[in-house]
Amino acid sequence: MARAVDPEPLAARLIAEPYATTGVRVTVSGMSGMAGLTNDGTFAYMLNGSGSIVSTPLADIPLTPGSTFSATGTVHPVQWGVAGAPALPGNLLRLSIAASHGCIFITSGDNTEGSIHLYCISVADWTVTEVAVPASYPLPEGFYYTFSSLIDFPDGRIGKVSKYTSTSGGYQSTLRTYQVTGTGAAVTIAWSEDYVMFDPDNFAVDEHGIATDGTYLYRIQWRDFNPNFKSWKLSSGSSASVSFAGNYTQPFDNMHYLSHNHVANYYMVGHYNGSEFFITSAADPGPGPGNPLNPALGTPTSTTDGCTATISNYDAAFDWSASVSAGSATIDSSGLLSVTGLARGASVSITVSATRSGYPSGSTVITCTSLALAAPDAPTGLSVKPENGRVSLAWTAPADDGGSAILTYQARVLDAGGNPLAPAVECSTATLDYCSMSGLSNGTAYLVEVRASNAIGDSPWSTRAALTPGVPVAVAPTTDPDSADLTLNDHDPVEGTTIVLTAYGFRPGTQVDFWLNSTPLLLGSAIANSSGIAVLSATLPSNFSGIHVAQALGVGPSGIYRNLTQQLTIRSAGSLASTGSTITPTVALASSLVALGLALLAFGGWSSRGAAAMIRRRRLTHS
């Protein structure tokens with residue numbers, strides 16, 4: 001229900017609405033001579049002239065505006081005067097009743113402060129018990145006709161309104177309230193608070209009914225007075241002034257016995273000495289001194305480790321908290337409740353509370369359940385590296401493993417039309433997020449996909465990635481060709497001889513390509529072993545002497561491409577021909593420097609530091 005923004009619409013909805021088109025008129029069978037009306041949100045209770053209680057279920061009444069309804073009443077003979085119980089009070093038609101804690105409260109038939117008694121009619125067995133009233137805070141004397149003026153609050157308190165007394169500028173009366181504990185015949189009361197209401201005139205000349213929704217207090221009097229009803233907004237610790245005054249319309253000739261339904265937020269008014277009551281339209285008044293802000297939460301949305309729910313009546317003026325039987329709970333500044341820390345499929349009870357100084361604490365309990373165990377989501381981030389007749393691929397683990405550990409990943413190759421290859425080309429792994437597959441044809445387009453499996457089942461296949469295997473393609477070497485992760489068994493080999501290149505730090509199972517630069521020349525490829533090491537033994541070409549860069553290219557463990565390099569000098573085969581003479585170290589060094597100078601002219605982009613390093617690595621030889 002929408003919360004009213006000011007008291008006037010609420011007061012208007014009390015009785016002043018045109019009853020013929022808004023409220024519901026209810027006639028109750030078995031009821032005669034109504035002498036009181038109250039409700040507990042489930043049943044309407046009416047006191048008849050003989051002292052019996054007549055009840056009717058509120059849920060049976062269709063709240064169709066402007067309608068009439070015939071309700072079935074159940075008569076409950078009250079055990080007045082039985083086994084020492086209080087006798088039936090006199091002045092029944094001038095009393096009123098209130099409902100709380102399994103009791104229908106009623107006062108004795110006198111109106112002298114200090115001598116007014118309070119009784120509980122137990123709805124469990126219809127016995128009557130007197131309830132002790134604190135001597136320091138007696139039930140106040142009422143005014144004129146319905147002098148008992150009992151009311152009940154949404155927070156469970158009961159109260160009674162005093163008669164008016166003259167004060168500066170007008171009149172005031174006191175609403176004295178009591179906290180109720182226990183249930184039925186075992187209830188006790190203790191003084192809670194006095195609310196003072198100021199009025200510029202002596203309004204309730206002929207008191208006919210009083211009710212509160214815990215935020216506003218409503219009073220009606222005999223129809224011929226103008227105005228004949230008023231409302232006050234209750235305030236702890238200060239006097240409340242009249243918030244609205246007006247005149248009610250009349251579904252009955254004699255409006256009497258007012259009650260508020262604290263569950264449905266509507267009002268009920270009885271027909272004096274009759275068999276009918278009238279239900280007004282519903283209106284949520286908002287929280288007040290006697291009306292807790294009970295959190296209203298939407299249906300929880302399950303998450304992998306808890307749930308979320310929105311507090312629809314969130315008010316930042318209140319302090320909010322949430323307690324859970326497991327996990328943890330938070331409430332953010334927009335009213336979103338979040339529960340985390342639950343196992344998959346676990347349920348938790350959550351108590352959400354709203355507190356504020358001067359207001360009763362409100363709380364609501366809900367239950368939420370985290371997502372049940374399920375198959376995992378599909379892996380994401382599938383990437384491929386086409387290789388020579390094969391493919392290496394990697395992926396990211398599913399965002400949600402379904403609450404059960406991933407047991408295996410399965411990857412497969414499809415043709416360009418999306419059909420799995422026959423025979424199948426697949427790979428699987430239990431603990432890694434990558435694998436490689438061979439047996440593919442260079443120049444042919446393929447698709448690959450991967451899925452994850454846990455104890456519950458298989459995930460959907462991932463988004464597909466396209467590839468076309470082929471021979472390696474040259475990539476420019478790094479600008480600083482000196483990587484410790486690429487080693488050569490010989491840094492100045494002779495052309496046409498065999499050299500062994502060892503590359504470290506690659507993803508196991510992937511292809512590592514070895515190149516010789518400046519003019520790119522593929523020496524060959526090798527597959528990185530389980531330690532990420534790829535070893536290639538290659539024969540150097542003839543007529544390729546000079547300063548060069550050896551290069552290893554492949555995918556690293558994290559999926560980042562690695563470009564490793566080392567400088568080497570390939571010597572001409574003619575430099576080793578036997579001449580029968582000895583080459584002195586000085587001549588050898590001069591020859592090397594000339595060769596290095598020519599190389600630097602050809603590869604002017606390399607640094608002098610690199611050239612000096614090459615000179616240091618040269619070995620002086622003689623034949």
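Trainee: Which residue is the bridge partner of Trp232 in strand 19?

Mentor: Val242 is the partner of Trp232 there. Keep in mind that this is a predicted model.

Trainee: And how many bridges hold strand 18 and strand 19 together?

Mentor: Strand 18, residues 229-233, pairs with strand 19 over 4 bridges, in the antiparallel sense.

Trainee: What sheet do they belong to?

Mentor: An open sheet of 4 strands, in the order 16-17-18-19, with antiparallel pairing. Strand 16 (207-212) and strand 19 (242-246) are at the edges with a single partner strand each, so one side of each has no neighbour in the sheet. From one strand to the next, the twist averages 15°.

Trainee: Let's move to strand 8. Is it buried or exposed?

Mentor: Mostly covered: 5 of the 5 residues in strand 8 (103-107) are buried.

Trainee: Which way do the side chains point?

Mentor: Cys103, Phe105 and Thr107 point one way, while Ile104 and Ile106 point the other way. In a regular strand, side chains alternate between the two faces of the sheet. Here the residues on both sides of strand 8 are buried.

Trainee: What does strand 8 pair with?

Mentor: Strand 7 (residues 97-100) is joined to strand 8 by 4 bridges, running antiparallel, and Ser100 stands opposite Cys103. Strand 9 (residues 118-122) also pairs with strand 8 in the antiparallel sense, over 5 bridges. In that pairing, Phe105 has Cys120 as its bridge partner.

Trainee: What about the turn between strand 7 and strand 8?

Mentor: That hairpin has 2 residues between the strands, and His101 takes a positive phi near 55°.

Trainee: OK, changing topic. How many salt bridges are there?

Mentor: The structure holds 16. One of them joins Asp400 and Arg344, with the closest N and O atoms 2.7 Å apart. Asp400 is in the loop between strand 31 (390-396) and strand 32 (408-415), and Arg344 is in the loop between strand 27 (336-340) and strand 28 (347-355), so the pair ties together parts 56 residues apart in sequence.

Trainee: Are those two buried or exposed?

Mentor: Both Asp400 and Arg344 are buried.

Trainee: What does Arg412 do?

Mentor: Arg412 forms a salt bridge with Glu449, and the closest N and O atoms are 2.6 Å apart. Arg412 sits in strand 32 and Glu449 in strand 35 (residues 446-453), so this pair links distant parts of the chain, 37 residues apart. Glu449 is buried, at 2% relative accessible area.

Trainee: Which residue pairs with Arg562?

Mentor: Asp485, with the closest N and O atoms 3.0 Å apart. Arg562 lies in strand 43 (residues 561-570) and Asp485 in the loop between strand 36 (465-467) and strand 37, so parts 77 residues apart in sequence are tied together.

Trainee: Why does Arg562 count as partly exposed?

Mentor: Because its relative accessibility is 21%, and buried means under 20%. Asp485 is partly exposed too, with a relative accessible area of 29%. Elsewhere, salt bridges that share partners join Asp199, Asp201 and Lys230 into one network.

Trainee: Last one: what's the overall picture?

Mentor: The protein has 3 helices and 43 strands, and 48% of its 623 residues are buried. Of the contacts between residues at least 6 apart in sequence, 60% join residues at least 24 apart.

Key. Residues are numbered from 1 along each chain as its sequence is written. This is a predicted model: local features need pLDDT of at least 70, side-chain atom pairs count only at pLDDT 80 or more; totals for chains, interfaces and linings use all residues. Side-chain values use heavy atoms; hydrogens and water are left out. Two strands pair if DSSP finds at least two bridges between them. Axes are lines fitted to C-alpha atoms, for helices over the stretch in contact, and angles run from 0 to 180 degrees between N-to-C directions. Buried means under 20% relative accessible area, exposed over 50%, partly exposed in between (1.4 Å probe, protein chains only). Contact means heavy atoms within 4.5 Å. A salt bridge is a side-chain nitrogen of Lys or Arg within 4 Å of a carboxyl oxygen of Asp or Glu.
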